[in-house]
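This report covers helix packing and ring interactions in a predicted model. The structure is shown first.

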Amino acid sequence: MATAHTFTSKADVAYADLRAQILDGRLPAGSTLEQYRLAEALGISITPLREAIRRLSGEGWVVLDAHRNSRVADLDLDEGRDVLEARRVVEPAAVAMAARRRTDADVAAMTAALEDLLPVTRRSGEPALAAHRAVHEALYRACHNDVLVRVLDDLWDRSDRYRRVGLQLPPGAGPRTRDLEEHHALVSLVVAGEADEAERLMASHVERSLSADVLGDRSPTSAGSTDTQP
């Protein structure tokens with residue numbers, strides 16, 4: 001039987017690289033994309049780079065003007081709040097499903113992710129954010145619903161930009177110890193099969209997330225809240 005091969009175009013490689021740079025802040029919001037410099041750094045011609053930029057533009061990560069200039073899309077509070085609202089609905093449901101469907105391999109992945117967890121602070125920065133996300137990914141991937149996983153991957157990609165801004169706000173200097181404790185509690189609930197409790201805790205966890213600190217809240221249930229715990 002012939003061996004299947006997967007070929008990735010230069011435009012695909014450029015797309016993945018630029019998207020990663022936007023997500024981790026190496027290409028900040030509003031910054032101009034210096035296309036020839038980027039093409040040289042990636043070792044490709046300008047044509048596949050422009051194809052990648054057009055794709056990023058179609059997904060809302062990049063803004064193009066009539067002169068082929070491009071820049072990273074600015075942060076948009078309305079979009080950010082839409083993302084946060086979507087996470088409030090989708091992620092608790094996925095974690096409840098995970099509590100009913102988790103396998104031994106899922107439990108091992110959650111446990112391994114917890115071992116790398118750090119309190120999120122301005123000083124801990126990127127490693128702490130990455131470890132925080134890894135725990136969430138291990139939790140929701142255990143739902144074994146590919147559609148939900150793809151939706152949450154995209155929501156997390158979009159919310160990551162706002163979480164990084166949150167580290168620069170005054171509360172970003174202190175450790176988010178409650179976040180740390182809730183991650184351990186969430187994993188324990190999912191491992192124990194406590195679907196309802198896991199769903200409730202994830203809902204409140206998202207309500208108090210770092211991106212929620214940045215975006216504020218337009219949910220009527222949280223209006224007038226005086227809870228200032230980061």
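## Packing of H4 and H9

H4 and H9 are roughly antiparallel to each other, because the angle between them is over 145 degrees. For H4 (residues 77-101) and H9, that angle is about 155°, and the axes lie 8 Å apart. The crossing of H4 past H9 is right-handed.

On the H4 side, the contact consists of Leu84, Arg87, Arg88, Glu91, Pro92, Ala93, Val95, Ala96, Ala99 and Arg100. On the H9 side, the partners are Ala195, Asp196, Ala198, Glu199, Met202, Ala203, Val206 and Glu207. Sorted by class, this contact between H4 and H9 has 11 nonpolar and seven charged residues, with no polar ones.

## Packing of H8 and H9

H9 (residues 195-207) also packs with H8 (residues 177-191), here at an angle of about 160° and with the axes 9 Å apart. H8 and H9 are therefore roughly antiparallel. Their crossing is left-handed.

Which residues of H8 meet H9? They are Asp179, Glu182, His183, Ala185, Leu186, Leu189 and Val190. From H9, the residues Glu197, Ala198, Leu201, Met202 and His205 take part. The contact of H8 with H9 divides into seven nonpolar, two polar and three charged residues.

## Packing of H1 and H3

H1 (residues 10-23) and H3 (residues 46-58) have axes that come within 8 Å and cross at roughly 55°. An angle of this value makes H1 and H3 oblique to each other. The crossing is right-handed.

H1 contributes Lys10, Ala11, Asp12, Ala14, Tyr15, Leu18 and Arg19 to the contact. H3 contributes Pro48, Leu49, Glu51, Ala52, Ile53, Arg55 and Leu56. By class, the contact of H1 with H3 holds nine nonpolar and five charged residues, and no polar residue.

## Ring interactions

Two residues of the H1 and H3 contact, Tyr15 and Arg55, also form a charge-over-ring arrangement. Arginine 55 lies over the face of tyrosine 15, at 3.6 Å from the ring centre.

How many aromatic pairs does the model have? The count is zero, with ring centres required to lie within 6.5 Å of each other.

Technical notes: Residues are numbered from 1 along each chain as its sequence is written. This is a predicted model: local features need pLDDT of at least 70, side-chain atom pairs count only at pLDDT 80 or more; totals for chains, interfaces and linings use all residues. Side-chain values use heavy atoms; hydrogens and water are left out. Rings of Phe, Tyr and Trp (its six-membered ring) pair if their centres lie within 6.5 Å; planes under 30 degrees apart count as stacked, over 60 as edge-to-face and the rest as tilted. A charge sits over a ring if NZ of Lys or CZ of Arg is within 6 Å of the ring centre and within 35 degrees of the ring normal. Axes are lines fitted to C-alpha atoms, for helices over the stretch in contact, and angles run from 0 to 180 degrees between N-to-C directions. Helices (H or I, at least four residues) and strands (E, at least two) are DSSP runs, numbered from the N terminus. Angles under 35 degrees count as roughly parallel, over 145 as roughly antiparallel, 65 to 115 as roughly perpendicular and the rest as oblique. A crossing is left-handed if the near helix is turned anticlockwise from the far one by less than a right angle, and right-handed if clockwise. Contact means heavy atoms within 4.5 Å. Ala, Val, Leu, Ile, Met, Phe, Trp, Tyr, Cys and Pro count as nonpolar, Asp, Glu, Lys and Arg as charged, and the others, Gly among them, as polar.
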